[in-house]
2 protein chains.
Amino acid sequence: MGEYTATVTVRLKGGVLDPEAATTQRALERLGFELETLRSANIYEIDLSASDEDEALERAEEMALRLLANPTIHDFDVEVTE
Amino acid sequence: MGEYTATVTVRLKGGVLDPEAATTQRALERLGFELETLRSANIYEIDLSASDEDEALERAEEMALRLLANPTIHDFDVEVTE
């Protein structure tokens, strides 16, 4: 068994409104910053024991599908490091 | 001027309680998943025009310091891609 860290990045799908990001962008612009667009996303870094990298990846993807992401509005990707 | 994307990752400092992450971890465990620890973080992906990569990096770091991160409880890092 090895120790792995799975990083699950959960983003809103294109076209889904993101009022938090819009508010953050306006606040930055009011402070004088110039930017084109701002997108926000959540990361979950999960430490887990698994027999190999493939198993760690599979379990983290399952966690994303079951709980961390809502497939109606979110896309996610998973990266695993040892 | 070039178009750059700055990715600002904002994490809670070590030792700062993260009740959202603790709740997420317990929910995963109740679903039958085995994991050691779970940390959460926020990402801001910012598209901006800048004369070079260094300027884009500097402006994104300034945004993090001024608004996106609270230096009392957060660490952040910034990566810039073209």
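Trainee: What makes the meeting of the side chains of A:R11 and B:E45 a salt bridge?

Mentor: The N to O distance between these side chains is 2.5 Å. A salt bridge is a side-chain nitrogen of Lys or Arg within 4 Å of a carboxyl oxygen of Asp or Glu, so the pair A:R11 and B:E45 qualifies. This is a predicted model, in which local features need pLDDT of at least 70 and side-chain atom pairs count only at pLDDT 80 or more, whereas totals for chains, interfaces and linings use all residues. Residues are numbered from 1 along each chain as its sequence is written, chains are lettered from A and ligands numbered from 1 in the order in which they are written, and side-chain values use heavy atoms, with hydrogens and water left out.

Trainee: How many salt bridges does the rule find across the interface of chain B and chain A?

Mentor: The rule finds six across that interface. It also finds 16 residue pairs in polar contact there, both residues being at pLDDT 80 or more. Among the elements of chain B, β1 (2–12), α1 (19–30), β2 and α2 (53–68) each supply at least two residues of the side that touches chain A. Strand β2(B) gives the most, with 13 residues.

Trainee: How large an area do chain B and chain A bury between them?

Mentor: The two chains bury about 2,900 Å², 55% of it on carbon and sulfur atoms. This buried area is the accessible area (1.4 Å probe) that two parts lose on being put together, summed over both. Of the area that chain B buries against chain A, B:F33, B:R39 and B:E45 supply 22%, more than any other three residues. The contact (heavy atoms within 4.5 Å) takes 32 residues from each of chain B and chain A.

Trainee: How do you know that β2(A) and strand β2 of chain B pair?

Mentor: Strands pair if DSSP finds at least two bridges between them. Eleven bridges join β2(A) to strand β2 (residues 37–50) of chain B, and the strands run antiparallel, so they meet this rule. The partner of A:S40 is B:Y44, and A:N42 stands opposite B:N42. Within chain A, ten bridges join β1 (residues 2–12) to β2(A), also antiparallel, with A:E3 opposite A:S49.

Trainee: Why is strand β2 of chain A described as largely enclosed?

Mentor: Eleven of its 14 residues are buried, so the rest of the structure largely encloses β2(A). Buried means under 20% relative accessible area, exposed over 50%, and partly exposed in between (1.4 Å probe, protein chains only).

Trainee: Is B:S40 buried or exposed, and what is in contact with it?

Mentor: B:S40 counts as buried because its relative accessibility is 17%. Leaving aside neighbours within four places in sequence, B:S40 is in contact with A:I43, A:Y44, B:D18 and B:A21.

Conventions:
Helix = DSSP H or I, 4+ residues; strand = E, 2+ residues; numbered from the N terminus. Polar contact = N/O pair within 3.5 Å; in protein donor to acceptor, adjacent residues only side chain to side chain.
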